[in-house]
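Me: Hi! I'm about to open a structure that is new to me. Could you walk me through it?

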Amino acid sequence: MTRPQSRSFRNRLLLSFLIASLVPMIICSAMLSRISQIQMKKQMDTDAQTQTAHLMTALDRVSDALPGAARALEESRLLPRAFTSREDTQINTALFLATEGSRDLADYSLYDLRGSLRYSTGSVTPGTTLSTRWGVLFAAKNAGGQPVYLAPDPMDGGKTLLQGAALLKNPQGEPLGYLVMALSVENFQKLFAGKYGSSNEILILNRYWHPVYASQSGLNDELADSLRSQLLWGGNPGAETEEYRLHIQEHPPTGLYLVLRQPQMFTQRTTKLLRAASLFCVLVGIVISAVLCLPLSRRISQPIGRLLKAFSRLEQDDLDVHVSRDGEDELGQLAAGFNHMVLALKANRQELVENQRELNQAQVRMLQAQLNPHFLCNTLDTMKWISKINHVPQVALMSTNLADILRFCISAEEFVPLSREVEVLNRYVEIQKIRLSDQFSFVVSLPEALETCMVPKMILQPIVENAILHGLEGISDSVIRVEAIQEGEDLLITVTDNGHGLPPDMIGHPYRRESTPTGHHLGLYNVDTILKKHYGERYGLYLDNNPAGSGARVRARLPLNRKEEKEC
Amino acid sequence: MKRRILILALLLPLLAGCAGKQPEPHPYTPAQDRRLVVYTSHKEEVYTPIIREFEERTGIWVDVVSGGTNELLQRIEQEQDAPKADVMFGGGVESLESYRDCFTPYICRESDHIRERFQSESGCWTPFSALPVVLVYHTKLVTAEAVTSWEDLESPAFRGKIAFADPQISGSSYTALVTRLQAGGGEESCLSALCAALDGRQLDSSGAVLSAVASGSALVGITLEETALQHIAAGEDIALVYPADGTSCVPDGSALVKGAPHGDNARLFLDFTVSADVQSMVGQRFCRRTVRADIPADPSLPPLATLNMVSYDVEWASRNRDRLLSDWSFLLGEVPS
């Protein structure tokens, strides 16, 4: 009963330890990972915003360069000549002057109204034409002097990724030709160099989200296509994925879109790593909890177990139980309290017994007082003398014996020497012999050494009476023997007869099965009770039949006491 | 119990962080009236410049779905109840004709400028370019005199050495087959003669015809003028000949899908495909013949009027398609190898 309780107690303790150590840890690690995730995202957003701003500024350079150059050319008086003459260094000079500072951005070319190339800052094969009914020149023609930006047909196979064109007019507003800027891969690379993080990628989309330039080849096809179809089919093209975060921003002057792709810092790998670290911490927490919890629970559960055991002994009326205490903590105090309680209980019990005994003695004294036995003794003495005078010796003997017995009974002493007890027993037997016409013989065997043994008075008379009244009826030559012997530290007095013997249900200690004695054997019961009360449970009467022949045998066992017994 | 509530209360903010947001349309998403969905069977180099230019000129976002003619037409037919496509761009007109139920007739704005012979009677398709059927041969392995007409293909020298795509798969191959039948000699005998000349061999795609001839694994091939010209321009040892006993010039075209979600934009696109700007590029860049009368043909190509043209009946071709093709596969399988 105690084991599972202590186990469950221990388990509960362990569980509490685990909860106390693990829950804060788990919450903490979840919160930490969340916070770092948010923090990282913020950082990435800030980076992206800065980089996007830089890249937008770069694109602004493109959108500023073309109108600036166009304006500068239109202001030059040489411009009309450019579309009529061939290879004029003055016009080349004007073109280079107008594009000074932005020639690293693109090649600039002058096309006449039919789309034939006239001058260029780059190395272009002469005779190149651009259709005025198609593409950038068509758009520039219809834009009325505003610059236009177009990605040329990707199927053309040319190097140019982006074309810008502006219609050039004379002061009267008549169109003269076109200024075309052409950006190649190299131009874009130069334009964006150092303006974005090395792990990031850039994708430039045109107005309709077709790819124009990508910092990494291959991005063109896979990313641009998927972004466009997401945009058209209701997806969210800017949505972040497991691997990347995308930032998309429009550059209104050119109509281009800038896509900045950042690889996710908080990838699945980091999450996995964090999870593994958390798991490791949890395991460590479990081990530490168990290591701390087991001795503690043992320190708590062992004293409690001892206490429980003591309680169960107490329940079985063992008042000598004592719990050892091994500490001054609450459990030690509890053990001390228990010991104190047991001692108090024991004292209480003793007091109760004492009270009861005093009460009994008072009752006996009361009875003795009420009967006024001296009156009875004196009466018997008177009867003895009257019968002697009238020569009735039997009455004289009987009244003498009866008076002696009575005097013995009412004497104050409780313990008498065995010889005295035997003497009174003889008086009694004399009376009975007269009553029963001398039908039995009585033999006493008392060693001289035992004569002075102190015994409670009147313990042998009820045994002998029992033998006379129940054992010897109708038996001739019957003998009653009283024999006292020393057996170790005990005095053993045996009363045997050769009568009918005891019925089997009486064999053993008398009246153990009955709580209250009834019938004829009241005397035996009383003797047994007196012996037990005086000397303890191992003393008393033992009844059986004579093993050597017929008849009963009653043995009284009591401690060997030679001096006057002190009352306890 | 109270403790549990406390723990829940502690965990709640963590859980709340995981809740997703409602998706919103992206701010850059174009409006529906600025969109167009084009199904095209043209090659990428043909449709890309046209569609990019269309976008730039009109501001309409074009979503392109490319694929084989028959595949896309079947898809349009399946989607009849809820059409996704607005325009079918590409495919021989007899293919478009046979799916006429899926299309809405539309007479484009500049139809006056389109040559009479390329006009659609029903208006269910708009022509894009004219594509005569031609024969090609390897210039190093075959002399020019050896291949002049359909009948020359039946010569034992070419038996099993003719590159021809399966007309079940290739629309242009079917056009060529019908052209051969119209070129004379009786339908049945022509079919079996051609099957015998092929010796049971046919190619999986029309693109394979030119590579077979260029590599010399086939001596002659049957294809369209545009394809042949492109390969000649690429410098391969190939020459083309218009069959003396008759060729056809069936245009490919575009059609407006019935119930198109962006019908107005689709009409703009059809108009654009036959605009002078596109049509002049058709001739200049794609080795195709324009369908417009007001644009001069490429002077290096023989004018259509000088070629012997069979009377190609588009409606007949589309009506008899299944019958001819089953005859074809039957005869081709029967030829003893």
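Reply: Happy to. One term to begin with: helices (H or I, at least four residues) and strands (E, at least two) are DSSP runs, numbered from the N terminus. With that in hand, α4(A) is followed by A:Gly144, whose phi is positive, near 65°.

Me: Where do these coordinates come from, and how do I read the labels?

Reply: This is a predicted model, in which local features need pLDDT of at least 70 and side-chain atom pairs count only at pLDDT 80 or more, while totals for chains, interfaces and linings use all residues. Residues are numbered from 1 along each chain as its sequence is written, and chains are lettered from A, with ligands numbered from 1, in the order in which they are written.

Me: Back to α4(A), which of its residues are buried?

Reply: A:Gly135, A:Val136, A:Leu137, A:Phe138, A:Ala139 and A:Ala140 are buried in this helix, which spans residues 135–143. A residue is called buried if 20 or more other C-beta atoms lie within 10 Å of its own, exposed if 12 or fewer, and partly exposed in between, with C-beta atoms placed from the backbone.

Me: And what covers the buried residues of α4(A)?

Reply: The cover includes β1 (107–112), β3 (148–150), β4 (160–169) and β5 (175–184) of chain A, together with α2 of chain B.

Me: Okay, zooming out. How many helices and strands does chain A have?

Reply: Chain A has 13 helices and 16 strands. Of its 568 residues, 27% count as buried. Residues 24 or more positions apart account for 61% of the contacts in chain A with a separation of 6 or more. Two residues are in contact if their C-beta atoms, placed from the backbone, lie within 7 Å.

Me: Which residues touch the most other members in the largest nonpolar core?

Reply: That core has 162 residues, and A:Ala165, A:Tyr178, A:Leu179, B:Val87, B:Met88, B:Val213 and B:Val220 touch the most other members. Helix α1 (residues 2–75) of chain A gives the most to this core, with 10 residues. By nonpolar core I mean a set of buried Ala, Val, Leu, Ile, Met, Phe, Trp, Tyr and Cys residues joined through C-beta atoms within 7 Å.

Me: What is B:Val213 in contact with?

Reply: Leaving aside neighbours within four places in sequence, B:Val213 is in contact with B:Val136, B:Tyr137, B:His138, B:Ala163, B:Ala218, B:Val220, B:Gly221 and B:Ile238. There is also a second, separate core of 36 residues, which includes A:Val424, A:Ala467, A:Leu524 and A:Val527.

Me: New topic: is A:Tyr119 buried or exposed?

Reply: A:Tyr119 is buried, with 22 other C-beta atoms within 10 Å. You'll find A:Tyr119 in strand β2 (residues 117–120) of chain A. Not counting residues up to four places away in sequence, A:Tyr119 touches A:Ala82, A:Ile91, A:Asn92, A:Leu95, A:Ser109 and A:Leu110. A:Ile91 is 28 residues away along the chain, yet the two C-alpha atoms are separated by 8.1 Å.

Me: At what angle do α10 and α11 of chain A pack?

Reply: Helix α10 (residues 393–410) and helix α11 (residues 418–435) of chain A pack at about 145°, with their axes 9 Å apart. Axes are lines fitted to C-alpha atoms, for helices over the stretch in contact, and angles run from 0 to 180 degrees between N-to-C directions. The residues of the contact of α10(A) with α11(A) divide into 9 nonpolar, 2 polar and 3 charged.

Me: Last one: where does A:His391 lie?

Reply: A:His391 lies in the loop between α9 (373–389) and α10 of chain A. Although not a glycine, A:His391 has a positive phi of about 55°. A:His391 is exposed, with 8 other C-beta atoms within 10 Å. A:Asp317, also not a glycine, has a positive phi of about 70°, and A:Asp317 is exposed, with 7 other C-beta atoms within 10 Å.

Key: Nonpolar A, V, L, I, M, F, W, Y, C, P; charged D, E, K, R; others polar.
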